[in-house]
Amino acid sequence: MTYLDHAATTPLRPEAAAAMAEVHTGAGAGGLGNPTGSHPPAQRARRLLEEARDEVAAFLGRDPGDIVFTSGGTESANLAVLGPAEAARQERGETVVLYSAVEHPAVRESARAAAKAGFDTRELPVDEYGVVDPDALARTLSSRVTSVAIMTANNETGVIQPLPDLIETIHRRAPNAYVFTDAVQAAPYLDLAEVTAGADLVSLSAHKVGGPVGVGALAVARRVVLEPRQYGGGQERERRSGTQDVAGAVGLATALRVVTAERAATATRVAGLRDRLRDGLLESVQGAYRTVPAAAADAGVDVLPGHLHLCVPGVEREELLVALGAEDVSVSGGSSCASGALQPSHVLSAMGVAPELAAGALRFTLGYGTTDADIDRALAVVPAVVAALRRGG
Amino acid sequence: MRVLVAMSGGVDSSVAAALLVEQGHEVVGATLKLWGGPSDSGCCSVADVDDARRVAQQLGITHHVFNLTEEFDRHVVAPYVGEHARGRTPNPCIECNRSMKFDRLLHRADRLGFHRLATGHHARVGSVGSVGSVGSVGDVPAPFQLRRGADPDKDQSYVLSMLGQEALSRVAFPVGDMTKREVRAHAHRLGLRTADKPDSQDVCFIGSAEGREGFLSRRVELHPAEVMDGEGRPSGSVNAVELVTVGQRRGMGHGSDGKRRYVTHVDVAARRVTVGSAAEALRSSVLLAGPSLTWVDRPLAPGTRAVAQVSAHGRPVPCIVLAQPDDGDGMEVRFDDPQRPVAPGQTVALYDAFDPDAVVGAGIAE
């Protein structure tokens, strides 16, 4: 199996798996306790949870009190977009929510839901690389803006937003507006404590960094006033009720610890593998080209080390994925809908990529476990499959 | 063989896939996403995709979803709407089979290296040389026949009547030899979640609440029309002339003689519907448009007898096919006994007069 779809999910790190198992096996009679309680099992569960919280906070350069555990990146995004908006509406009666045109569906659909609920939501345009247009941003900012959502790096193309500059613009022109950044894809590779320093809300997903599915986190700066999305026992300082997933939190924290320890080396190694894959495919797949062109680097636009997004004309993307899957090579075609079918990418369309070219989009995402053998296999299989499909089977 | 099974999420295609697995073929299942809008008719909604996928998992085969919504809209939905605006009544399921399943999907299966495309249709691919038919995938020698399915109540040869030798050489209908009851029993034995799922009844892109009129009225202007009797005397009106079909009885009320009235003529442009007695509504023949004619093997020579079926579960009636009277390239199907009129746009399937289970060809009524 040649797995090149790390942006969709990453293999669970053995360290995380072991730590999570220990959460349960290390529990006494009564099992893993509920962290809300005073008896011994509760104390243990609470300790494990808070140790995990400390680690996540350190990873993001935040105060532990600012970390809310959630069920994953999507819940974090929903809370980040809709929580402050609802609170602002209750307090002021009006809200303006800005979001970039290339956000992940978890953010985009939350913004759509906000619009449907009567909030004033506006899309920020991007340039041909998918970077937020700073002038358009500046023009749209006003004292009425409650929050601005701009992802740290894009899940489809891997393009990294110039977040510090954008945050500075927002602080200058709309100092009361909260900045929310979806850092889910950037987490394995960027020093988020540095890159997202000025943001008010930062989201993470465990299963994108070698942790388990089903848990994530949202950093919520002290000044943020938000209405929770989930009501109940008041856990997570009233921001997100529900018994916390202690094992999941431990899994997330452990994965982040490993990421931090290996980040620099992994980023370099993965980038090297990605570049070899890119150069090899561009050479042997006729007509294939980089969706984010080489010129982007000259313009100061960077791409995450694991991402390679190509457009391959002359083949049906769905057929390519079926044929590659049959060869045990796992890649992605971009965005899927509820039934699992591929659908046109709003990211590519916001970048101005013509629909017929976007129809041939292929996303390869490497990760910490990718090896030279994986690249060799991909370079052997992909061109052959493309050629066979173009020939007509 | 490598077989791609089109799985709609219904019990027929579920069992078709199961049979192929049992026969030892290398099977992959695919569900087509055809309609992006709301649908409750039970064909290819998200719930149906989930059902198909779950059955595939139960059978241990890979499952894919193919997004063909854009092509479906262009080749099936848009023409459906456009034809209605012209007062014609196309059968979208036939167009879907023609352009999507047995064209695009068949070619996709080829490109992906599959030897056959299988569906859950109740029909059979037979061979002229062999007695009876072949229900399973095998090496049936050419020329191929398209035959009715074993269950007369469920036979779907009508909606497949446009297929020719090329398509028939590469398709398989694994449940064609079974009755519906046998299909469900098989699904139960395997514990498939679709064993008791009701058959989808309506057009997959029209919800039962909105109906055909609701669907069309949102896309084209529907016009009221006057209803007149044979003598030109006005006798009522209808809301949407585009939805009235020749031979229709519904909504036409009774004549002064107390008898039911039937539509004898529809003039969409003039916004006029003419009604008459049952006898006046009958027609002795129907003209099939030249470009629409398809043949399973060879064209019927003018003067050949055949059996005609004018709707999915209509009664087959004896007829004779003739050349189009005015030297056009169409064919006239003359019924032995006058029949209710066939609405323009409807498909007429022709079966062999001496082997009435065998489809010989089809055409679309003018």
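Q: Which residue stands opposite F66(B) in β3(B)?
A: Strands of a sheet pair through backbone hydrogen bonds, either parallel or antiparallel. In this predicted model, L32(B) stands opposite F66(B).

Q: In which sense do β2 (residues 26-33) of chain B and β3(B) pair, and over how many bridges?
A: The sense is parallel, and the pairing runs over 6 bridges.

Q: Is β3(B) mostly covered or mostly open?
A: Count neighbours around each residue. A residue is buried if 20 or more other C-beta atoms lie within 10 Å of its own. In β3(B), 5 of the 6 residues are buried.

Q: How many residues of chain B are in contact with chain A?
A: Contact is judged between C-beta atoms, with a cut-off of 7 Å. By that test, 12 residues of chain B touch 13 residues of chain A. On the side of chain B that touches chain A, α2 (46-59), β3 (62-67) and α4 (92-111) of chain B each supply at least two residues. β3(B) gives the most, with 4 residues.

Q: How do the residues on that side of chain B divide by type?
A: Into 5 nonpolar, 3 polar and 4 charged.

Q: Why does the radius of gyration of chain B agree with a compact globule?
A: Compare the chain with a rule for its length. A compact globule of 366 residues would have a radius of gyration near 21 Å, and chain B has 21 Å, so the two agree. The C-alpha trace of chain B spans about 65 × 45 × 35 Å along its principal axes. Of its 366 residues, 48% count as buried.

Q: Which domains does the assignment give for chain B?
A: Domain 1 covers 2-189, domain 2 covers 223-281 and domain 3 covers 283-364. The C-alpha centres of domain 2 and domain 3 of chain B lie 26 Å apart. As for secondary structure, chain B has 8 helices and 18 strands.

Q: How many helices and strands does chain A have?
A: Chain A has 13 helices and 12 strands. Its radius of gyration is 21 Å, close to the 21 Å that the globule rule gives for 393 residues, so chain A is as compact as a globular protein of that length. Its C-alpha atoms fill a box of roughly 70 × 55 × 35 Å along the principal axes. Of the 393 residues of chain A, 52% count as buried.

Q: What share of the contacts in chain A with a separation of 6 or more comes from residues 24 or more positions apart?
A: The share is 73% in chain A. For chain B, the corresponding figure is 63%.

Q: What is the strand order of the open sheet of 7 strands in chain A?
A: The order is β2-β8-β7-β6-β5-β3-β4 (chain A), with mixed pairing. The edge strands are β2 (67-70) and β4 (120-124) of chain A, and each pairs on one side only. Neighbouring strands are turned by 20° against each other on average, direction ignored.

Q: How many bridges join β5 (residues 145-149) of chain A to β6 (residues 178-182) of chain A?
A: There are 3 bridges, and the two strands run parallel. Within this pair, S147(A) stands opposite Y178(A) in β6(A).

Q: Which strands does helix α3 (residues 73-92) of chain A touch?
A: Helix α3 packs on the sheet and touches β2, β3 (96-100), β5, β6, β7 (201-205) and β8 (216-220) of chain A. Its direction makes about 155° with that of β7(A). Helix α4 (residues 105-116) of chain A lies across β3, β4, β5 and β6 of chain A, running at about 150° to β3(A).

Key: Residues are numbered from 1 along each chain as its sequence is written. Chains are lettered from A and ligands numbered from 1 in the order in which they are written. This is a predicted model: local features need pLDDT of at least 70, side-chain atom pairs count only at pLDDT 80 or more; totals for chains, interfaces and linings use all residues. Two residues are in contact if their C-beta atoms, placed from the backbone, lie within 7 Å. Ala, Val, Leu, Ile, Met, Phe, Trp, Tyr, Cys and Pro count as nonpolar, Asp, Glu, Lys and Arg as charged, and the others, Gly among them, as polar. The radius of gyration is taken over C-alpha atoms; the globule rule is 2.2 Å times the number of residues to the power 0.38. A residue is buried if 20 or more other C-beta atoms lie within 10 Å of its own, exposed if 12 or fewer, and partly exposed in between; C-beta atoms are placed from the backbone. Two strands pair if DSSP finds at least two bridges between them. Domain bounds come from an automatic or database domain assignment. Axes are lines fitted to C-alpha atoms, for helices over the stretch in contact, and angles run from 0 to 180 degrees between N-to-C directions.
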